[in-house]
Amino acid sequence: MSLCLVIDEMHPNLPDLLQDMGIELHYRPDLKAAEVPAALAAHPYNGLMVRSKVRVTRELLAQGPHLRYVCRAGAGVDNIDEEALAAAGVTLLNAPEGNRDAVGEYAVGLLLALFRNIARADREVRTGEWRREANRGEEIGSKTIGLLGYGHMGKAFARRLQAFDCTVLAYDHDPRVEANHHATLVSLPELQARAEVLSVHIPYSPANHHFVNEEFLAGFHQPLWLLNTARGEVLDHAALVQRLQTGQLRGAALDVLENEKLATLSPEQQARFAYLATAPNVVLSPHVGGWSFQSYERINTVLVRKLREFLAGKLPAASGVAE
């Protein structure tokens, strides 16, 4: 019997999915972040299952010398030091397949809300304003949508865009990424030359910090609508606000922000957030793109399937993210 410590809330189907795998769960979502190291050191845990409560660092791993795997219940692994895991011989398993459909659908919703002024019109009608011409919008059909990143999330969005009779282009720096019939893979200069909408689908890493910055946005040949359902830190919000203010960006829909702990915003971040919160051509939501009832359950299913394969020796040990 191996032990696995779970420190975040998981869908309640988790014990049933693991019941025949010889894993004893210690389910402790009540733990505060500061309490996790001591809890990890208290037993010879083979596994750790997390969402976003803690950063999994070299120091944390030192408290769990028996760890063989870390399961990240979601897609992003920006709170996990992959180099530290590899050095410790610990395999990282994540579940982008679990919430990709939720993100794909939500990105369509954000694009519709942005193009058709849905959120703004809703607010106006609730206050007695009936402004039809001011809320005349754009159609997705005939537009050229550019996807930055063509992994699980980008592909899920592209698949759903097929119903709108638009052109979908995608750029990914990873040469292993394969094209499919939902989008055409292009170079970054071609994406910048043709796209009317930019949708961001790249993970956060130090190398991707502010990847979408002033220089990057200046490379586009026409004013853009911008969507971000990835991570806030990949987008330079100073460049975003400046371009919205000058009209170089036609609008933005953001499910993620540069700092999502709104009570801790620096003065500069507060000024940018104040502008975004009042701009009529900006749609905001609280990082819920992948947050559906179905994805909540499906993430467990994906993680357990990968964990089963890992324990059976079908996934290489300490191989980083196993997708």
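Analyst: This is a predicted model. The unreviewed UniProt entry carries the annotation "domain: D-isomer specific 2-hydroxyacid dehydrogenase NAD-binding", which covers residues 108–289. Over residues 108–289, the end C-alpha atoms lie 10 Å apart, and the span is 34% helix and 16% strand.

User: In what order do the seven strands of the open sheet stand, and how are they paired?

Analyst: The order is β8-β7-β6-β9-β10-β11-β12, and the pairing is parallel. The edges are β8 (184–185) and β12 (282–284); each has a single partner strand, so one side of each lacks a neighbour in the sheet.

User: How many bridges join β6 to β9?

Analyst: Strand β6 (residues 144–148) and strand β9 (residues 197–200) run parallel and are joined by four bridges. Within this pairing, Leu147 stands opposite Ser199 in β9.

User: Which strands does helix α7 lie across?

Analyst: Helix α7 (residues 152–161) lies across β6, β7 (167–171), β9 and β10 (224–228). Its direction is at about 165° to β6.

User: How is the packing of two helices described?

Analyst: For α5 and α7, the axes come within 8 Å and cross at roughly 50°. That angle makes α5 oblique to α7. The crossing of α5 and α7 is right-handed. On the α5 side, the contact is made by Pro96, Glu97, Asn99, Arg100, Asp101, Val103, Gly104, Glu105, Ala107, Val108 and Leu111; α7 contributes His152, Met153, Ala156, Phe157, Arg160 and Leu161. By class, the contact of α5 with α7 has nine nonpolar, three polar and five charged residues.

User: At what angle do the axes of α5 and α12 cross, and how is that arrangement classed?

Analyst: Helix α5 (residues 96–116) and helix α12 (residues 293–311) have axes that come within 7 Å and cross at roughly 155°. Because angles over 145 degrees count as roughly antiparallel, α5 is roughly antiparallel to α12. The residues of α5 in this contact are Pro96, Glu97, Gly98, Asn99, Asp101 and Ala102, and those of α12 are Ser295, Arg298, Ile299, Val302, Arg305 and Lys306. The contact of α5 with α12 divides into four nonpolar, three polar and five charged residues.

User: What is the handedness of the crossing where α10 passes α11, and which residues make the contact?

Analyst: Helix α10 (residues 237–246) and helix α11 (residues 267–278) pack at an angle of about 40°, their axes being 10 Å apart. This makes α10 oblique to α11. The crossing of α10 past α11 is left-handed. His237, Ala238, Leu240, Val241, Leu244 and Gln245 of α10 meet Arg272, Tyr275 and Leu276 of α11. Six nonpolar, two polar and one charged residues make up the contact of α10 with α11.

Terms used:
Residues numbered from 1 in each chain as written. Predicted model: local features only at pLDDT ≥ 70, side-chain atom pairs only at ≥ 80, totals over all residues. Heavy atoms only, no water. Axes fitted to C-alpha atoms, helices over the stretch in contact; angles between N-to-C directions. Helix = DSSP H or I, 4+ residues; strand = E, 2+ residues; numbered from the N terminus. Parallel < 35°, antiparallel > 145°, perpendicular 65-115°, else oblique. Left-handed = near helix turned anticlockwise from the far one by under 90°. Contact = heavy atoms within 4.5 Å. Nonpolar A, V, L, I, M, F, W, Y, C, P; charged D, E, K, R; others polar. UniProt positions renumbered as here; feature names shortened; annotations may be inferred. Pairing = 2+ DSSP bridges.
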